[in-house]
Amino acid sequence: MNSVSTSSRGKVLIVDDEPSIRRALRTTFGTLGFDTAEAVTGEQALPLLRSSSFDAVLLDINMPGMGGVEACREIRRQFPRLAVLMLTVRDNEDDKVEALEAGADDYVMKPFPIRELVARVRSAVRRSHSSTTGNTNAVITIGDITLDPARRLVQKNGQAVHLTPKEFDLLHYLMQHAGLPMMHARLLSAVWGPDYGGELEYLRTFVRQLRKKLEDDAAHPKYLLTDSHIGYRFREAQESRLVPGGKSDH
Amino acid sequence: MHSAAKAGLESTFGFAGRSLAGSAAVLAAAYVALRLQVNFSTTGFLDLLIVVLVAMLSGFWEATVTSLVALTCLNYFFVPPVHTFYVADPQNWVALVTFESTALLVSRLSIQMEKQARTAILERRGMEKLYELSRRTLLMDPQRLPGSQIVAQILDVTEVEAVALFDAARASEDMAGAAGADLEALARDTYLGDRNQDDPDGTTWRRLLRPGTSSIGAIVLRGENLSPLLADSIASLAAIALERARAFEKQSHAEAARQSEKLRTAVLDALAHAFKTPLTAIRTASSGLLEAGHLDPAQEDLVTLIDEESEKLNALSTRLLQTAKLEASETKLHKETVLIPQLIQDLLAEHSDQLGGHRTLVSISNQLCATYGDRELLGTAIMQFIDNAAKYSTPGSPIGIAVDDRDGEVVISVHNEGSEVRPEDRERIFERFYRSPGSNHRAPGTGLGLSIIKEAAEVHRGRAWVNSEKGKGTTFFLSLPRAEWRTQ
């Protein structure tokens with residue numbers, strides 16, 4: 001099973017040049033049960049990462065010095081399995097694409113509700129843990145939907161859903177990376193092969209079909225979410241409470 | 001009138017004097033010939049020479065008078081019987097007639113050559129002046145008004161006595177030269193009459209200024225030594241100078257507008273960014289408080305309020321950034337072939353909660369209407385129309401959405417009943433921050449939405465406009481270049 005227990009707390013490194021944001025994140029993550037450390041620039045972050053072990057890094061994209069994207073590239077090179085999330089203030093797709101291409105697991109737009117940020121951190125951490133096992137035949141259950149790769153079977157609320165082979169492959173890939181953004185080109189080449197990089201409408205048609213079959217309301221998808229201009233992401237596995245006694249998701 | 005009479009008198013005296021001088025020369029030649037006992041034919045050649053000289057130095061009529069005097073002399077002193085005006089030998093008749101004809105012919109020819117030479121000199125001088133004029137008009141001060149500079153240069157360089165120019169764009173006249181002549185009004189009339197005209201007296205020349213096909217003003221020249229050619233040339237130089245000045249002005253206006261827009265955009269961008277950092281801290285703190293729990297209901301209510309309002313503030317600054325970027329053409333478009341009916345269907349399904357209870361009537365003439373553009377941006381623009389219609393329409397009335405295929409364009413229209421957009425607002429509502437005076441109390445809004453549509457239309461080489469009629473409601477239109485839809 002591809003899941004992590006809800007009570008797991010991790011150690012998060014916050015890298016941002018804005019003191020007020022570091023303070024807000026430090027206090028909030030601390031309250032929610034995470035251990036935190038801080039750095040002002042990418043240059044400061046790298047020695048910290050070497051000296052102690054972290055589960056995730058929150059990296060501001062726009063920092064003095066080497067900058068967020070370059071820092072991300074360097075972190076990815078030195079720590080291939082560490083979860084990296086980029087924080088960006090600009091709603092700029094190029095920044096996001098650049099961040100993902102530099103090896104970030106995800107990006108989050110400032111300002112963000114902390115629930116979303118924590119959920120994204122969890123997904124990224126889960127990714128970094130699961131990539132060690134790498135069991136591609138594991139049965140995945142997210143919400144009402146269960147996917148069994150070995151039997152090529154998809155169920156919603158226990159009812160079998162009929163999917164075409166390509167639809168199944170696309171869904172499998174998205175669910176394997178649940179919670180994380182998958183770029184269009186990555187999905188296309190993963191499911192259709194490396195020659196399909198730019199056939200966007202192709203992908204969109206398949207996503208539309210999948211939504212019709214899986215979502216309660218295809219116009220308001222709960223599972224198969226769109227990341228504008230970037231790609232798609234499947235809803236993360238856990239939507240339950242963040243901390244014991246905290247507000248639950250309804 | 002005085003001066004004309006005086007000039008006439010002078011020229012009459014001059015004519016008589018020059019004719020007398022010629023005649024005297026002929027008489028002197030006759031006297032010398034008689035003393036030296038030179039014969040008729042030699043004296044005839046001598047007289048011919050004198051006549052030609054008179055023709056070259058004075059003119060045809062003086063030469064004619066001289067030749068007649070010479071003829072008389074020859075007849076009287078040399079043709080037998082001498083000392084009478086009688087000619088006995090018919091051969092001598094022929095000789096005399098030949099002499100007179102040759103004298104007249106040669107004087108005529110020499111006068112023509114002289115005239116041609118003089119015209120050539122005049123033309124060369126005219127050319128030099130035109131060249132000088134063109135050089136000076138090129139050096140005109142672009143900061144000063146062109147009209148007064150052009151007339152001053154024309155007066156300075158050419159031999160006109162007075163010049164007036166009418167600049168149609170400014171509806172202003174400029175005049176230089178001899179005072180008193182009402183040339184300004186004449187220039188204006190020439191422009192209004194749309195016709196070149198040369199006055200019969202040959203001193204006033206009216207010309208339209210046409211740098212291209214349409215006239216941009218008119219010029220009136222007054223002067224003795226002008227030819228139609230010269231007037232035409234001066235007029236075309238003035239036209240070019242005026243056109244150049246106009247183009248320069250237009251360009252500097254556009255440049256100024258671009259600069260101020262750039263500044264505005266930069267300020268907006270900076271503001272929006274400066275908002276985002278504190279907003280991020282506020283939002284992190286408020287949502288963190290909510291997640292941490294342990295709040296009593298009143299506290300939770302207040303923190304929720306902070307959280308929601310900071311999100312609203314964030315949405316506003318995001319929008320500011322969006323328009324600022326669109327106007328600065330900084331947004332990178334992600335273009336693809338977009339099927340408009342499909343897009344509208346998706347939008348309506350996604351945003352059904354924003355329709356405010358209005359029904360939608362969708363009419364699509366061609367299901368394969370497509371455009372090549374940024375799907376996200378087009379979606380935002382169309383949704384803005386629909387949102388607008390929902391806000392301003394009569395409660396309970398339907399919103400009409402239509403997609404039409406017209407002359408290579410896809411036209412999307414959104415109609416609502418009720419409100420009317422005043423004619424004077426129809427352009428301005430697409431400007432950023434503009435809200436028509438009546439709308440301030442009616443519906444919530446920032447005045448940003450329609451400006452996004454306009455920018456979106458422009459970056460797609462399309463257009464956005466509005467039709468509105470009291471009682472019939474308002475229809476917003478967005479037209480986009482049509483693209484071929486490949487069926488897959």
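Biologist: What makes both faces of strand 4 of chain B count as covered?

Modeller: In this predicted model, Thr204(B), Arg206(B) and Leu208(B) on one side of strand 4 of chain B are buried, and so are Trp205(B), Arg207(B) and Leu209(B) on the other. A residue is called buried if 20 or more other C-beta atoms lie within 10 Å of its own. Since 6 of the 6 residues of the strand, 204-209, are buried, strand 4 of chain B is largely enclosed by the rest of the structure.

Biologist: How do you know which strands pair with strand 4 of chain B?

Modeller: Pairing requires at least two bridges between the strands. Strand 3 (residues 197-198) of chain B is joined to strand 4 by 2 bridges, and strand 5 (residues 217-222) of chain B is joined to strand 4 by 6 bridges. Among the bridge partners are Asp198(B) with Trp205(B) and Arg207(B) with Ile219(B).

Biologist: What lies between strand 3 and strand 4 of chain B in their hairpin?

Modeller: There are 5 residues between the two strands, and Gly202(B) in the turn has a positive phi of about 75 degrees.

Biologist: Why is Asp194(B) called exposed?

Modeller: Asp194(B) has 11, so it is exposed. Asp194(B) is placed in the loop between helix 6 (183-193) and strand 3 of chain B. Its phi is near 55 degrees, a positive value in a residue other than glycine.

Biologist: And why does Arg152(A) count as exposed?

Modeller: Arg152(A) has 12 C-beta neighbours inside 10 Å. Arg152(A) is found in the loop between strand 7 (145-148) and strand 8 (153-156) of chain A, and its phi is positive, near 50 degrees.

Biologist: How do you know that the buried residues of helix 7 of chain A line one face?

Modeller: The buried residues of helix 7 (residues 184-192) of chain A are His184(A), Leu187(A), Leu188(A) and Val191(A). Seen down the helix axis, they fall within an arc of 95 degrees, so they line one face of the helix. An α-helix has 3.6 residues a turn, so residues three or four places apart point the same way. The cover over the buried residues of helix 7 of chain A includes helix 6 (165-176), strand 10 (182-183), helix 8 and strand 12 (231-234) of chain A. Helix 7 of chain A is followed by Gly193(A), whose phi is positive, near 110 degrees.

Biologist: What makes the span of helix 5 of chain B close to the expected one?

Modeller: Helix 5 (residues 146-157) of chain B has 12 residues and reaches 16 Å from its first C-alpha to its last, against 16 Å expected at 1.5 Å a residue. Its buried residues include Ile150(B) and Ile154(B).

Biologist: Which residues have the most contacts inside the largest nonpolar core?

Modeller: That core has 71 residues, and those with the most contacts inside it are Ala56(A), Val57(A), Leu58(A), Leu59(A), Cys72(A) and Leu85(A). Helix 5 of chain A supplies the largest share, 7 residues. Apart from this core lies another, of 35 residues, including Ile150(B) and Ala187(B).

Conventions: Residues numbered from 1 in each chain as written. Chains lettered and ligands numbered in written order. Predicted model: local features only at pLDDT ≥ 70, side-chain atom pairs only at ≥ 80, totals over all residues. Helix = DSSP H or I, 4+ residues; strand = E, 2+ residues; numbered from the N terminus. Expected span 1.5 Å × (residues − 1). Core = buried A, V, L, I, M, F, W, Y, C linked by C-beta atoms within 7 Å. Arc of directions from axis to C-beta. Contact = placed C-beta atoms within 7 Å.
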